[in-house]
Amino acid sequence: MPLSALIERLSRTIGLDPESIGSNTIASSVRQRMSNCDESSEPAYTQRVEENSDELQALIEAVVVPETWFFRDGEPFEYLEKHIADEWKEDPRGHRLRILSVPCATGEEPYSIAMSLRNAGMKSSDYSIDAVDISHGLLRKAEAAVFGANSFRGNALGFRDRYFDVTENGYLLRSSVRSGVRFLQGNIISDDFLAKEHPYDIIFCRNLLIYCRVDARQCIIRSLSRLLREGGLLFVGHAEMMPALATIFTPVAEAGAFAYCKIPPRSSPAVATVSSPRPERPKSAPSSRSPSNRQPHKTAVTTARVHIPKAPAEDPLEHANRLADAGKLQEAAAACEGFLKSNSQDVRAHVLLGVLQEAMSRRRQAEESFNRALYLDPSCYEAIMHLSLLKERRGDIKGAELLKKRAARIHDKQKEPRQ
Ligand SMILES: C[S@@+](CC[C@H](N)C(=O)[O-])C[C@H]1O[C@@H](n2cnc3c(N)ncnc32)[C@H](O)[C@@H]1O
């Protein structure tokens, strides 16, 4: 089965879930490459890909989805600009702002970030943006910085007059914007991805997770967590607010930004409500100041009085989290529900169940779960944030706004120095 072997090879190398783009699309890229190589036999071409890393890379270049445009989705960039103007400029932490855009495709995303920073009053010397993609061809286009009409979508195109010059080949981005962006080739699922880089203050990782298989998503989320400093911001695509992210990051109180904050476990009620898979934190350690989490963990089984030694039982919620991370949402939800039968007051379980229901598009049930969490712990930030986004989605803008204000008050309170 050469084609399926090739698809498996591709999938393992870049994390691609073949279902996400369809095997016909992949088959047509393979045919295109075979014709470029003057190769008519699939087995011979498969062997060529196995033996020749240049051909593997050429096939990757043919398969990847390069779709991108300036200020894609709008709000994330509005939020970035506001965040920089309001917070970073006040408290620059003594270093240049470091931003990562991965994957960057032909550069529209990192350049939109650079324009947002300039709109917020920053100079090139105040920031550095690393922009990474697996495709050499796309990176070459990004560096050339000449763009056609397809890169400019929607009606808000004032930025084009401000930052581009018209040339006979297209719109050329001015060097003042280009100069703060460094392009690098890299594979986000490789173990040593950006291993030598210091943590970033902000990461954009948008419209990649949706194309990836479950194990690759887990690997990417681990890398993002490693590469983002505590308190840093992570932006994902609008279809990528996934349960596996909610176990490590806290959603930001800004609908439409699709952003998370990496809040240190001890200062975040939100992170604490869903147990974190960080290896360095002992499983039994209380992880926040949230009253709900002062309850001792109730484990169903202990080994203390058993004569034959057994492996210690896993915390049922850790188990549910692990299932969620593996994409087994139904099973994870069932594990939560089972746990809640004898632990109905556990806020973490209600929140995790809500996140899972939301991910399975059971929005009404998700709202019920978050409401239960809030009933038990009125300051549960994560439940408030999720509820606000759910309300906004079904058009209850006023209800969403009220919840956002409540979340902001809790967030501010968390930042107040303790007596
Ligand atoms: C749809 S574009 C997203 C671009 C941009 N982030 C956006 O949202 O507009 C997806 C990009 O992911 C890149 N890509 C796919 N697999 C990758 C991997 N394993 N490592 C790095 N980049 C990858 C592709 O080359 C492609 O440019």
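Reader: L194: buried, partly exposed or exposed?

Author: L194 counts as partly exposed, because 19 C-beta neighbours lie inside 10 Å. A residue is buried if 20 or more other C-beta atoms lie within 10 Å of its own, exposed if 12 or fewer, and partly exposed in between, with C-beta atoms placed from the backbone.

Reader: What kind of model is this?

Author: This is a predicted model: local features need pLDDT of at least 70, side-chain atom pairs count only at pLDDT 80 or more, and totals for chains, interfaces and linings use all residues. Residues are numbered from 1 along each chain as its sequence is written.

Reader: Where does L194 sit, and what is its phi?

Author: L194 is in the loop between β6 and β7 (200–204). Its phi is positive, about 50°, although L194 is not a glycine. Helices (H or I, at least four residues) and strands (E, at least two) are DSSP runs, numbered from the N terminus.

Reader: What about A145 and its phi?

Author: A145 is not a glycine either, and has a positive phi of about 60°. It lies in the loop between α8 (136–144) and β3. A145 is partly exposed, because 19 other C-beta atoms are within 10 Å.

Reader: Which sheet has β3 in it?

Author: An open sheet of three strands, in the order β3-β5-β4, with antiparallel pairing. Two strands pair if DSSP finds at least two bridges between them. β3 (146–147) and β4 (164–167) are at the edges with a single partner strand each, so one side of each has no neighbour in the sheet.

Reader: How do β4 and β5 pair?

Author: β4 and β5 (residues 170–173) are antiparallel, over four bridges. They form a hairpin with two residues between them. T167 has G170 in β5 as its bridge partner, and F164 stands opposite L173 in β5.

Reader: Y163, then. Which helix is it in?

Author: Y163 belongs to helix α9 (residues 158–163). Y163 counts as buried, because it has 20 C-beta neighbours inside 10 Å.

Reader: Which residues is Y163 in contact with, sequence neighbours aside?

Author: Leaving out neighbours within four places in sequence, Y163 is in contact with M115, L173, R174 and V177. Contact here takes C-beta atoms, placed from the backbone, within 7 Å. Y163 and S176 are 13 residues apart in sequence, and their C-alpha atoms are 8.6 Å apart.

Reader: Next, the seven-stranded sheet. What is the order?

Author: The order is β6-β2-β1-β7-β8-β10-β9, in an open sheet with mixed pairing. β6 (181–185) and β9 (250–251) are the edge strands, each pairing on one side only.

Reader: How does β9 pair with β10?

Author: β9 and β10 (residues 259–261) are antiparallel, over two bridges. T250 has C261 as its bridge partner in β10.

Reader: Which residues touch the most other members of the largest nonpolar core?

Author: I203, L234, L245 and C336 do, in a core of 106 residues. Domain 1 (2–63) and domain 2 (75–240) both contribute residues to this core, so it lies between them. A nonpolar core is a set of buried Ala, Val, Leu, Ile, Met, Phe, Trp, Tyr and Cys residues joined through C-beta atoms within 7 Å. The domain bounds come from an automatic or database domain assignment.

Reader: What is L234 in contact with?

Author: Beyond its neighbours within four places in sequence, L234 contacts I203, C205, L224, L228, F249, A259, Y260 and K262.

Reader: Changing topic: which residues come nearest the ligand?

Author: V64, T68, P103, A105 and N207, of the 22 residues around the ligand. A residue is near the molecule if its C-beta atom, placed from the backbone, lies within 6 Å of it. The shell divides into eleven nonpolar, six polar and five charged residues. Ala, Val, Leu, Ile, Met, Phe, Trp, Tyr, Cys and Pro count as nonpolar, Asp, Glu, Lys and Arg as charged, and the others, Gly among them, as polar.

Reader: And where is P103?

Author: P103 lies in the loop between β1 (97–101) and α7 (108–119). The peptide bond from V102 to P103 is cis, with omega near -5°.

Reader: What are the totals for helices and strands, and what share of residues is buried?

Author: The protein has 19 helices and ten strands. Of its 419 residues, 41% count as buried.

Conventions:
Two residues are in contact if their C-beta atoms, placed from the backbone, lie within 7 Å.
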